Amino acid sequence: MRITLLGTGTSTGVPVIGCHCPVCSSPDPRNKRLRPGALVELPAGAALIDTPTDLRQQALVHGIERVDAVVYTHSHADHILGLDEIRVFNFRQQAVIPCYGPASALANIRRTFAYSFEEGQEGGGKPKIELLPVAGPFTLLGVEWVPVPVRHGTTEVFGYRLGPFAYVTDVSFIPEESFALLAGVDTLVLGALRFRPHSTHFSIPEAIAAAQRIGARRTLFTHLAHEVDHTAPREPLPPGVELAHDGLAFDF
């Protein structure tokens, strides 16, 4: 199994339009952050975690030529607005692509992309997808995916665990039962917006506390705002905790 982080920025991306702060002006490539998502490559095929707004660019940069499934965390714009790019994979593969996720998120996707499900002129094509709600563990591409429910403000978000790996983005609260689902994970990708508190995201201090409780060997913070500088972090991170960056990949 190979995981590639396609984007590690927050909903605006970094640099932010019109911003000239030190991070948005930084030459450090780690401070260029597209909207959040990941590619999971398995022997049986490839799955996307979310379809970020920047999916076309991410697919070109990382040479993604095949997508066998999409697994959604939730339906906020930065996590779903790249869905129309799935058309290309429909064309290439001549197949409908299954999309898994929380029922509430899939209902929102059906509304947002209503044209995909309506009869009518094709023109340049429509994404051909099948929405498959999940509420518990399911098998996809030969691997068990375990949904890990967390809260993003008042929104329910699913993180996912695949054996030794877990991906938990857009989180401000982890229930006790979800901490149990994350026990023993080796590598954790965890949302951590910035150092200052935020109403719907973990701050970096809050994410550090959660990471230390989970106890993964390696924790990578994602969904980073433009207040977070790879070149000169405001505060040191504890051992085993680091800032993620676009294109970071690891194998299991």
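Student: How many helices and strands does the protein chain have?

Tutor: Keep in mind that the model is predicted. The protein chain has six helices and 14 strands. Its radius of gyration is 17 Å, close to the 18 Å from the globule rule for 252 residues, so the chain is as compact as a globular protein of that length. Along the principal axes, the C-alpha atoms fill a box of roughly 55 × 40 × 35 Å.

Student: How do I read a sheet, and in what order do the strands of the sheet with β1 stand?

Tutor: The general idea comes first. Strands of a sheet pair through backbone hydrogen bonds, and the pairing is either parallel or antiparallel. In this structure, seven strands make an open sheet with mixed pairing, in the order β6-β5-β4-β3-β2-β1-β14.

Student: Which strands stand at the edges of that sheet?

Tutor: The edge strands are β6 (129-133) and β14 (249-251). Each has a single partner strand, so one side of each is left without a neighbour in the sheet. From one strand to the next, the twist averages 20°.

Student: In which sense do β5 and β6 pair, parallel or antiparallel?

Tutor: Strand β5, residues 97-101, pairs with β6 in the parallel sense over five bridges. To find the place in the model, look for C99, which stands opposite L131 in β6.

Student: Which helices pack on this sheet?

Tutor: Helix α3 (residues 86-93) is one of them, and it touches β3 (45-49), β4 (69-71), β5 and β6. The direction of α3 makes about 140° with that of β5. Helix α4 (residues 103-112) also packs on the sheet, touching β5 and β6. The direction of α4 makes about 155° with that of β6.

Student: What is the order of the strands in the sheet that holds β7?

Tutor: The order is β7-β8-β9-β10-β11-β12-β13, an open sheet of seven strands with mixed pairing. At its edges stand β7 and β13 (241-243); each has a single partner strand, so one side of each lacks a neighbour in the sheet. The twist averages 25° from one strand to the next.

Student: How many bridges join β7 to β8, and how many join β8 to β9?

Tutor: Strands β7 (residues 138-140) and β8 (residues 143-152) run antiparallel and are joined by three bridges. F138 has W145 in β8 as its bridge partner. Seven bridges join β8 to β9 (residues 155-162), again in an antiparallel arrangement. Here V148 is partnered by G159 in β9, and V150 by V157.

Student: What should I look at in the turns of these hairpins?

Tutor: Look at the phi angles. The hairpin of β7 and β8 has two residues between the strands, and L141 takes a positive phi near 55°. The hairpin of β8 and β9 also has two residues between its strands, and G153 in the turn has a positive phi of about 65°.

Student: Where else is there a positive phi in a residue other than glycine?

Tutor: D50 has a phi near 70°. This residue lies in the loop between β3 and α1.

Student: Which residues does the cis peptide bond join?

Tutor: The cis bond joins V14 and P15, with omega about 5°. P15 lies in the loop between β1 (2-7) and β2 (37-42).

Student: How is a pocket found, and what is the volume of the largest pocket?

Tutor: Rolling a probe the size of a water molecule over the atoms shows where empty space is left. In this structure, the largest pocket has a volume of about 180 Å³.

Student: Which residues line the largest pocket?

Tutor: The lining consists of L55, R56, A59, L60, G63, I64, E65, E85, V88, F89 and R92. The elements giving two or more residues to this lining are α1 (55-62) and α3. Of the elements, α1 gives the most, with four residues.

Student: How do the lining residues divide by class?

Tutor: Six are nonpolar, one is polar and four are charged.

Note on methods
Residues numbered from 1 in each chain as written. Predicted model: local features only at pLDDT ≥ 70, side-chain atom pairs only at ≥ 80, totals over all residues. Heavy atoms only, no water. Pairing = 2+ DSSP bridges. Axes fitted to C-alpha atoms, helices over the stretch in contact; angles between N-to-C directions. Contact = heavy atoms within 4.5 Å. 1 Å grid on protein atoms, 1.4 Å probe; cavity = no way out; pocket = protein on both sides within 12 Å on 5 of 7 lines; lining within 4 Å. Points joined across faces, edges and corners; volume = space filled by probe spheres on them. Nonpolar A, V, L, I, M, F, W, Y, C, P; charged D, E, K, R; others polar. Rg over C-alpha atoms; globule rule 2.2 N^0.38 Å.
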